[in-house]
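Student: Please take one part of this model and go through it closely. Give the cut-offs as you go.

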Amino acid sequence: MNAHQSHGEQLLSINGVELCVEAFGDRASPAITLVAGAAASMLWWDARLCERIAAHGRFVVRYDHRDTGRSTCYPPGRPAYSFTDLALDVLGIQDALGIERAHVVCQSMFGGIGLILGVDHPDRVASLTFVSTSTGADDLPPPSSDLVMPAEPDSSDAAAVVEYVVAGARAYAGGSPYFDEAASRALVERDVARARSYASTLANHYAIDLDGPARGGFGDIAAPTLVVHGDHDPLLPLPHGKALRDAIPGAKLLVLEGAGHDLPGPVWDDLVSALVRHTEEGRP
């Protein structure tokens, strides 16, 4: 096995639940924990991207949130956890893998996890990266008028669910020239087949208690911070990324040209280069 390849999936007992975790690379290298967005399992952090990061001397960890993939699921519409619980899951994974401090990369809605970790648990965070996320300020632009989401499917019809999620991915790409329909469909088919309950995946993250850090907001983050945002993002247009950059002391912004609310393969070179530089600067 190459040093940057996967160690394989494992189910870990953390905070009273089972979480499916997969790591790539040398355990002695600086750790990067990848936190997917809402309703996204670990698969949405492409394994080839994880390997590419690990090849630069990083120990890369991806995992299934509660209600995604092989991790613990709750009845649809009844998640028994909050944002803070999900943040504590990240720390529990770090504990289980012997990671004292990690470079944490959070995507979309679950930038809120990075906020909680950065403000309430700064000793466990070597750096933060926010991908396609926002401060949530009221004066920021709404989603693009071109963003049209498909009607929700019958969750018992796997084929309809696949079509729904693929259509959503296409919409979130925002007209990006990099959207790959075939690759997206293959990912979604695998994700749906692998999940304990995809009905829970579709519903539960949007029904949780959106609590925040106990002691402050984005302006209280002290960890070195990188903000990454696609210039085609139709859900959170680019001013959201710029506002987040401005809200966090010393934060830097990487604009991914041609990317929407996603991380298509053609932008990986720019993303990996920036992330490697960033995690070197914030290295313990």
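Tutor: A cavity here is a set of points on a 1 Å grid, over the protein atoms alone, where a 1.4 Å probe fits but cannot get out. Points are joined across faces, edges and corners, and a volume is the space filled by probe spheres set on them. The model is predicted, so local features need pLDDT of at least 70 and side-chain atom pairs pLDDT 80 or more, while totals for chains, interfaces and linings use all residues. Numbering starts from 1 along each chain as its sequence is written, and side-chain values use heavy atoms, without hydrogens and water.

By this rule there is one cavity of 30 Å³ or more. The largest cavity holds about 40 Å³ of space. Its lining residues (an atom within 4 Å of a point) include Trp45, Val105, Thr129, Val131 and Leu263. Helix 1 (47–54), strand 6 and helix 8 (268–281) each give two or more residues to this lining. Helices are DSSP runs of H or I, at least four residues; strands are runs of E, at least two; both are numbered from the N terminus. Nine lining residues are nonpolar, one is polar and none is charged. Nonpolar means Ala, Val, Leu, Ile, Met, Phe, Trp, Tyr, Cys or Pro; charged means Asp, Glu, Lys or Arg; the others, Gly among them, are polar.

Eight strands form an open, mixed sheet in the order 1-2-4-3-5-6-7-8; pairing takes at least two DSSP bridges. Strand 1 (6–14) and strand 8 have a single partner each, so one side of each is left without a neighbour in the sheet.

Notes. 1 Å grid on protein atoms, 1.4 Å probe; cavity = no way out; pocket = protein on both sides within 12 Å on 5 of 7 lines; lining within 4 Å.
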